Amino acid sequence: MKALVCRTWGPPETLALEDRSDPVAGPGQAVVRVHAAGVNFPDALIIQNKYQVTPELPLVPGSECAGVVESVGEGVQRVKPGDRVIALTGSGAFAEKVMAAAEALTALPADVDFVTGSAFLLAYGTAYHALTGRAALQQGETLLVLGAAGGVGLAAIEIGKALGARVIAGASSPEKRDLCREHGADEVIDYAAAELKPALAALTSGKGVDVVFDPVGGPSTEAALRSCAWRGRHLVIGFANGEIPRLPANLTLLKGCSLIGVFWGRYVRTEPAAWASDLQTLFKWLREGRLRPHVAERYPLDRGAEALAALLARKALGKLVITPVAP
Ligand SMILES: NC(=O)c1ccc[n+]([C@@H]2O[C@H](COP(=O)([O-])OP(=O)(O)OC[C@H]3O[C@@H](n4cnc5c(N)ncnc54)[C@H](OP(=O)(O)O)[C@@H]3O)[C@@H](O)[C@H]2O)c1
């Protein structure tokens, strides 16, 4: 099979398409023929050795995909060959075939195509867990989403609206802000250029925002925390900006507000029953059309590195997907 391989830590250009032997399913595992693999920011961090964990090299990146089960190992009851599934793989999905633990597979609903399925779980799962499980976002509250035209950002806009919040979306270009509006944002701001705090004060009649969804980090984090309302919740999702901000602790005291960490991958492993319940709601909302994953571009496997480069260059609108099997 063909796979996109990382042999040395570095930028996406260092990835190479290689022939590898097909994976063989061991006990409790399944081999999935990858039809589409979602591209996520952590994939771009992992190949540069900038992620929380350091995997061994050589490495095939790709943390989620949708495809068809080709074979299963001993003891696997959950799926069978021929089943359409979404796989949370951690790595390995930028390939024609990937091995996954059977419990990391979710049935792909019959009415959901592979490309949509591959772009759904990580982004929407993270946003749903953050906004419900961590921030307890309430109907009528104001939600600020930073990096709002990105993968988890657009998902947070849609989930915020589904939960009945008023959503303010921060994105860096007019094209990105238009996309945020199309996906339900009530207000849009250029959080990079604008003075964030006065802009948010004006949009909230001086009250501040109840919940901040922050996958960006860098200087906008402190400005957003300073814009929290009384009892606000600032969700630490990630640091796409590259800078992990250091924050004055007194800001939380003055606002009676909370800084809340979100680690969806660990949540899925640690609280599988809660995640299974989240999944039911997410698929229901997808079927109802309340969630509309936006896949801006598809890349064949041999151009997969370009997808990671586009993400790092801040060019992606919504999700990018690699399609080892032409859809
Ligand atoms: N905590 C968790 O469990 C969890 C789960 C999934 C992802 N994440 C994290 O969430 C973040 C976003 O992931 P994603 O897949 O949604 O990525 P994405 O689609 O690339 O979106 C990231 C957004 O960040 C903004 N950004 C600001 N400075 C940037 C820079 N220097 N380079 C790139 N983007 C920059 C961009 O929006 P503008 O151009 O509008 O500023 C971009 O749209 C990442 O840090 C990722 O690791 C965390």
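Pro58 is found in the loop between α1 (41-46) and β4 (64-72), where helices (H or I, at least four residues) and strands (E, at least two) are DSSP runs numbered from the N terminus. The peptide bond that leads from Leu57 into Pro58 is cis, with omega near -5°. Ala136, in the loop between α3 and β8 (142-145), has a positive phi of about 50° although it is not a glycine. Most residues other than glycine have a negative phi, and most peptide bonds are trans.

This is a predicted model, in which local features need pLDDT of at least 70 and side-chain atom pairs count only at pLDDT 80 or more, while totals for chains, interfaces and linings use all residues. Residues are numbered from 1 along each chain as its sequence is written, and side-chain values use heavy atoms, with hydrogens and water left out.

α3 packs against helix α10 (residues 272-287) at an angle of about 110°, with their axes 10 Å apart; axes are lines fitted to C-alpha atoms, for helices over the stretch in contact, and angles run from 0 to 180 degrees between N-to-C directions. That makes α3 roughly perpendicular to α10, a term for angles of 65 to 115 degrees. Contact (heavy atoms within 4.5 Å) is made by residues of α3 including Tyr124 and Tyr128, and by residues of α10 including Trp275 and Phe283. The residues of this contact divide into eight nonpolar, three polar and one charged, where Ala, Val, Leu, Ile, Met, Phe, Trp, Tyr, Cys and Pro count as nonpolar, Asp, Glu, Lys and Arg as charged, and the others, Gly among them, as polar.

On a 1 Å grid over the protein atoms alone, a cavity is a set of points where a 1.4 Å probe fits but cannot get out, and a pocket is an open set with protein on both sides within 12 Å along at least five of seven lines; lining residues have an atom within 4 Å of a point. Grid points are joined across faces, edges and corners, and a volume is the space filled by probe spheres set on the points.

| Space | Volume | Lining by class |
|---|---|---|
| Second largest pocket | about 180 Å³ | six nonpolar, three polar, two charged |
| Largest cavity | about 50 Å³ | six nonpolar, four polar, one charged |

The lining of the second largest pocket includes Met1, Arg20 and Lys97. Among the residues that line the largest cavity are Tyr124, His294 and Lys319, and α4 gives the most to this lining, with three residues.

Key
Parallel < 35°, antiparallel > 145°, perpendicular 65-115°, else oblique.
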